[in-house]
Amino acid sequence: MRFINKIQCPQDLKKLKTTELNALAAEVREFLVSSISKTGGHLSSNLGVVDLTVALHYCLNSPTDKILWDVGHQCYTHKILTGRMEGFKTLRQKGGMSGFIKSSESVHDAFDVGHSSRSLSAAFGMAVSRDLQGESHNIVAVAGDGAITSGLALEALNNIGRSDTNMLVVLNDNQMSISENVGAMSKHLKYLRTTPSYINAKKDVRNILKNTPFVGDFSEKFIHQAKTRLKYLLLSGVLFEELGFKYYGPVDGHNLGKLVDILQNVKRVKGPVLLHVVTQKGKGYGPAEGASFKFHGIAPFDVKTGKTLKVDESQAYTDIFSGKILKLRESNDKIVAITAAMPTGTGLCKFKRRFPKHFFDVGIAESHAVTFAAGLAKTGLRPVVAIYSTFLQRAYDQILHDVCLQNLPVVFVLDRAGAVPADGETHQGAYDISFLSHMPNMTIMSPRNGQELETMLDFAFNHNGPVAIRYPKDVPSNLYGDRCASIDLGRWEVLEEGKGIAILSIGSMIDVASSLREKLVEAGHEPKLINARFAKPIDKDLIATLEGFEYIFTLEENVACGGFGEIIASKVRHFKKPIRLHNFALPDAFLPQGTREEILRDAGLDAESITKKALEMLENGC
């Protein structure tokens, strides 16, 4: 490749002529498709911002100038232009290059991010800090049209717009987040993109003003006032201007020449500026242009056909939930379903098609989703809120204050709980038992197989209070098949009777727990195996029967701090005879990227590590 191999840092980019930038962008796209076809990763979002990223680095001086990428899964071109092309061989693999922005990886990564809608607040903080320290470099936040609908982003817009801080917000408008965007903001942006009278009138006024002999500050003020009047004349509302931003756009995000020209100009404009750039997800690669959701996060694929090379044949809890919630809704017209910009990822697409009036995608707005559900539940409906475990963290206060305080019957379905592969620290679903278990009125469940998930959902929609059901992506292939005892509040299931040693497994750890029991039996022990289906409330009656046992081993795919094991420890410490309890859980640390198996092995949560540790404890009497 003629140009891409010459770029080791953003300064190398500036050696190119502007007429050569399109050739570089084409090479970047070719490299991205080729590389991600081998490793998997986020493709469509990255293809969409190639031109924008090239233009930003061409016009700015990173790392002195700060570019903050929202979410970060559109940062691949940024990584190429900042000397990390070689790292794509290990993209999203253990010990390899992150698929997100990571400041420990490069001085050009200004702010770590993996969740949506943070760039504006962080960039504003950096801009204010710059001003207080008497510096003058550029601060740019790049946010998508999905991300900017989040409450956090809207709070930031409100705060930035009332300041006089020099800061540029680049709105990357591709009409998508992961799924298609929803809501009033999306409609407003679509109006801006597609109103010919507005776009043509802007061109006419620009041409008139261009030939008008004004000078100095009066010229800039006159142009701005003329644009403002034009927008009031042609639009029903000028949202960004009213919020205090100088608005420029919409701009074709794939016209590199125009992007460079306008960025060179707007970076000099004083005060908060919003540049509206229209891009296409998957740009330059046909299969991704036609199926941007599929290529949002794609496994290794064939470049010619776009088909994934290996089909995942494992049974997914998401699919089981998808089928079960349909059946429940067919027999209960009070059920409504809510998700936050992820109807496909959470398994609600079929529900959406079958019951469109009872399905609500609120966009990237998890906090709103929860309080919205509380309002529905308060007036007699039975909402289910399907959100990945890692994203439910964003709605902590709403769960506690708006749902649990009033003991409202909201069902929370937490997909991707536990160790989540590839995406790294920001996406691990390792904390939900800990942050939900101390909330009064909350019930927390975790299934060990697909049938148990279905039974738990039956229970949840008949329970008069909030229920959270957590599960990973894949269903364990446990030794106990699909047998499932009936579910009563707080009652556990004894899978194997025993004495002296009790193994308490919750949810996804059943395979490891079964293997542990088998090895202990081979070593001459007779452990009792318990499927602890409820993390809260716990089965106090069954716990009481363990008094007199010598050992309890708890197994959970959650951090130890505040998790299931600590809940059990708080109960057994009241036993008259001391009992040795060891909690096998995820560590008090952020978990790096890798496969689920690698993450669990490094945490000592694989069958071999747990068995070795348990046998050592039994042999040494500790």
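**Exercise 1.** Find the salt bridge of Glu105 and the network around it.

*Solution.* 
- Step 1: Glu105 pairs with Lys79, and their closest N and O atoms are 2.7 Å apart.
- Step 2: Lys79 is in helix 5 (76-81), and Glu105 is in the loop between helix 5 and helix 6 (119-132). The two residues are 26 residues apart.
- Step 3: compare the accessibilities. Glu105 has 27% relative accessibility and counts as partly exposed, whereas Lys79 has 0% and counts as buried. The cut-off for buried is under 20%.
- Step 4: salt bridges with shared partners join Lys79, Glu105, Arg84 and Asp109 into one network. The whole structure has 20 salt bridges.

**Exercise 2.** Which parts of the chain does the salt bridge between Asp458 and Lys324 tie together?

*Solution.* 
- Step 1: the closest N and O atoms of Asp458 and Lys324 are 3.0 Å apart.
- Step 2: Asp458 lies in helix 20 (residues 450-460) and Lys324 in helix 14, so this pair ties together parts 134 residues apart in sequence.
- Step 3: Asp458 is partly exposed, with a relative accessible area of 30%. Lys324, with 11%, is buried.

**Exercise 3.** Classify the aromatic pair of Tyr317 and Tyr471 and state where its members lie.

*Solution.* 
- Step 1: a pair of aromatic rings is described by the distance of the centres and the angle of the planes.
- Step 2: for Tyr317 and Tyr471 the centres are 5.1 Å apart and the planes make an angle of 40°. Pairs under 30 degrees count as stacked and those over 60 as edge-to-face, so the rest, between these limits, count as tilted. The pair of Tyr317 and Tyr471 is tilted.
- Step 3: Tyr317 is in helix 14 (residues 317-331), and Tyr471 is in the loop between strand 11 (467-470) and strand 12 (493-496), so the pair connects parts 154 residues apart in sequence.
- Step 4: Tyr317 is buried at 0% relative accessible area, and Tyr471 is buried at 1%.

**Exercise 4.** What other ring contacts can be listed?

*Solution.* 
- Step 1: the structure holds 15 aromatic pairs. Ring pairs link Phe31, Tyr76 and Phe88 into a cluster.
- Step 2: Arg329 lies over the face of Phe355, 4.5 Å from the ring centre.

**Exercise 5.** Describe the chain as a whole, and say where the pLDDT is below 50.

*Solution.* 
- Step 1: the chain has 25 helices and 17 strands. Of its 622 residues, 56% count as buried.
- Step 2: among contacts with a separation of 6 or more, 76% are between residues 24 or more positions apart.
- Step 3: the chain exposes about 26200 Å², of which carbon and sulfur atoms supply 52%.
- Step 4: the mean pLDDT is 90, and 89% of the residues reach 70 or more. Over residues 232-237 the pLDDT is below 50, and this stretch has 10 contacts in the model beyond near neighbours in sequence. Where pLDDT is low, the predicted coordinates should not be read in detail.

Definitions and conventions. Residues numbered from 1 in each chain as written. Predicted model: local features only at pLDDT ≥ 70, side-chain atom pairs only at ≥ 80, totals over all residues. Heavy atoms only, no water. Phe/Tyr/Trp six-rings, centres within 6.5 Å; stacked < 30°, edge-to-face > 60°. Helix = DSSP H or I, 4+ residues; strand = E, 2+ residues; numbered from the N terminus. Buried < 20%, exposed > 50% of the residue type's maximum accessible area, 1.4 Å probe, protein only. Lys NZ or Arg CZ within 6 Å of the ring centre and 35° of its normal. pLDDT = per-residue confidence, 0-100. Contact = heavy atoms within 4.5 Å. Areas by Shrake-Rupley, 256 points an atom, 1.4 Å probe, with all protein chains shown as cover. Salt bridge = Lys/Arg side-chain N within 4 Å of Asp/Glu carboxyl O.
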